[in-house]
Amino acid sequence: MKKLLLLFVVLFATTAQAQHSDEELAKKLANPVASLISLPFQNNIDFGIGDNNGTRYTLNIQPVLPISINEKWNLIGRVVLPVISQYNITGQGTNESGLSDAVVSGFFSPKASKNGLTWGVGPALLFPTGTDDFLTTKKFGAGPTAVILKQAKGITFGALVNQIWSFAGNEDRADVNQMFLQPFFTYNWSSGGGVGFNMEWTQNWEADTSTVWLNPTFSGLSSFGKQKISFAVGPRFNLNAPDGQDADLGFRAVLILLFPK
């Protein structure tokens with residue numbers, strides 16, 4: 001009986017430790033400036049775009065690399081590199097595929113949060129990595145970026161913003177003067193699973209147009225062997241778009257490879 005009781009205690013402790021680990025991982029995943037190395041693959045497919053009923057598939061490769069500067073500060077490097085394949089977007093019967101432009105951000109963030117409040121500020125850089133004329137601005141750009149969030153009792157809410165202006169590149173292409181704003185909310189259980197949503201608002205000040213997406217998601221944590229992974233799925237709703245570019249509906253599926261220290 002004592003052996004069975006001891007075995008139960010050991011199994012309970014092991015399970016509790018695993019749950020705590022998943023809970024901490026989920027908490028870090030909900031925080032864009034957490035000290036967690038990760039490699040997200042964000043898949044988006046959108047249907048019924050514009051007058052030609054177009055389709056666009058976008059794979060955003062988004063590595064995150066935290067760097068410890070000193071005892072008090074981290075530098076969180078984030079990259080967004082889109083790979084796009086689209087049909088009937090630029091015209092009936094047309095298709096374009098390849099890389100789009102990359103955005104590289106660096107957030108200087110304090111290691112210690114205060115009352116669950118975390119923030120980060122730094123530069124955002126635009127690189128014209130696009131491989132098709134319809135998928136690139138052909139401009140270099142730069143500007144500020146910032147994020148602020150609060151975490152408590154499984155809840156994470158906050159917002160990320162950047163503003164980019166072009167300063168060099170092809171003179172025949174339109175200048176870049178663009179803001180990206182992403183409010184977000186997530187609730188995670190101790191198992192690491194969660195529900196949440198974000199809104200992605202892109203404001204093109206140069207063209208005076210707005211594109212707004214609402215993305216509710218269901219997320220979870222799992223493992224492939226020793227590799228810890230996170231996944232999230234959900235629909236996408238195009239709340240606003242420039243004339244002739246709105247989508248009927250979209251879907252998102254995210255796979256994240258995690259490399260906790």
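Helices and strands are DSSP runs, numbered from the N terminus; a helix takes at least four residues and a strand at least two. The exercises below use these element names for a predicted model.

**Exercise 1. Describe the chain as a whole: its elements, its extent and its contacts.**

Solution. 
Step 1. Count the elements: there are 14 strands and 1 helix.
Step 2. Take the extent: the C-alpha trace spans about 80 × 40 × 30 Å along its principal axes.
Step 3. Take the burial: of the 261 residues, 38% are buried.
Step 4. Take the surface: the accessible surface is about 14,500 Å², and carbon and sulfur atoms hold 63% of it.
Step 5. Take the contacts: among those with a separation of 6 or more, 53% are between residues 24 or more positions apart.
Step 6. Take the charges: 19 side chains are positive and 19 are negative, with 22 Å between the centres of the two sets.

**Exercise 2. Follow the salt bridges of Arg236 and state which network they belong to.**

Solution. 
Step 1. A salt bridge needs a side-chain nitrogen of Lys or Arg within 4 Å of a carboxyl oxygen of Asp or Glu. By this rule the chain has 5 salt bridges.
Step 2. One of Arg236's partners is Asp46, with an N to O distance of 3.0 Å. Arg236 is in strand β13 and Asp46 is in strand β1 (residues 37–49); the two are 190 residues apart, and the pair links distant parts of the chain.
Step 3. Another salt bridge joins the side chains of Arg236 and Glu200, at 3.8 Å from N to O. Glu200 belongs to strand β11 (residues 194–204) and Arg236 to strand β13, so this pair ties together parts 36 residues apart in sequence.
Step 4. Check the burial, for which the cut-off is under 20% relative accessible area. Glu200 has 12%, so Glu200 is buried. Arg236 has 6%, so Arg236 is buried.
Step 5. Join the bridges that share partners: Asp46, Glu200, Arg236 and Arg252 form one network.
Step 6. Return to the Asp46 pair: Asp46 and Arg236 are both buried.

**Exercise 3. Examine Lys138: its salt bridge, its place and its backbone.**

Solution. 
Step 1. Lys138 forms a salt bridge with Asp133, and their closest N and O atoms are 2.9 Å apart.
Step 2. Compare the two accessibilities with the limits of 20% and 50%. Asp133 has a relative accessible area of 46%, so Asp133 is partly exposed. Lys138 has 29%, so Lys138 is also partly exposed.
Step 3. Lys138 is in the loop between β7 and β8 (139–152).
Step 4. The phi of Lys138 is positive, about 55°, although Lys138 is not a glycine.
Step 5. Asp208 is a further case: its phi is about 60°, and Asp208 is not a glycine. Asp208 is found in the loop between β11 and β12 (209–224). With a relative accessible area of 63%, Asp208 is exposed.

**Exercise 4. Identify the residues of a nonpolar and a negative surface patch.**

Solution. 
Step 1. The nonpolar patch, of about 600 Å², is made by Ile69, Trp73, Phe108, Leu117, Trp119, Val121 and Ile148. Strand β7 (residues 117–127) gives the largest share, 3 residues.
Step 2. Patch residues need over 30% relative accessible area. Ile69 has 44% relative accessibility and counts as partly exposed. Ile69 is in the loop between β3 (64–68) and β4 (73–87).
Step 3. Contrast Asn74, which lies in strand β4. At 8% relative accessible area, Asn74 is buried. Its contacts include Ile69 and Phe108.
Step 4. The negative patch is formed by Asp51, Asp243, Asp246 and Asp248. Asp248 is in the loop between β13 (227–240) and β14 (249–259). Its relative accessible area is 59%, so Asp248 is exposed.

Definitions and conventions
Residues are numbered from 1 along each chain as its sequence is written. This is a predicted model: local features need pLDDT of at least 70, side-chain atom pairs count only at pLDDT 80 or more; totals for chains, interfaces and linings use all residues. Side-chain values use heavy atoms; hydrogens and water are left out. Patches are made of residues with over 30% relative accessible area and no salt bridge: like charges are joined within 9 Å, nonpolar side chains (Val, Leu, Ile, Met, Phe, Trp, Tyr) within 5 Å. Accessible areas come from the Shrake-Rupley method with a 1.4 Å probe; for residues, only the protein chains shown count as cover. Lys and Arg count as positive and Asp and Glu as negative; His and the chain ends are not counted. The place of a charge is taken as NZ of Lys, CZ of Arg, CG of Asp or CD of Glu. Buried means under 20% relative accessible area, exposed over 50%, partly exposed in between (1.4 Å probe, protein chains only). Contact means heavy atoms within 4.5 Å. Lists of a residue's contacts leave out its neighbours within four places in sequence.
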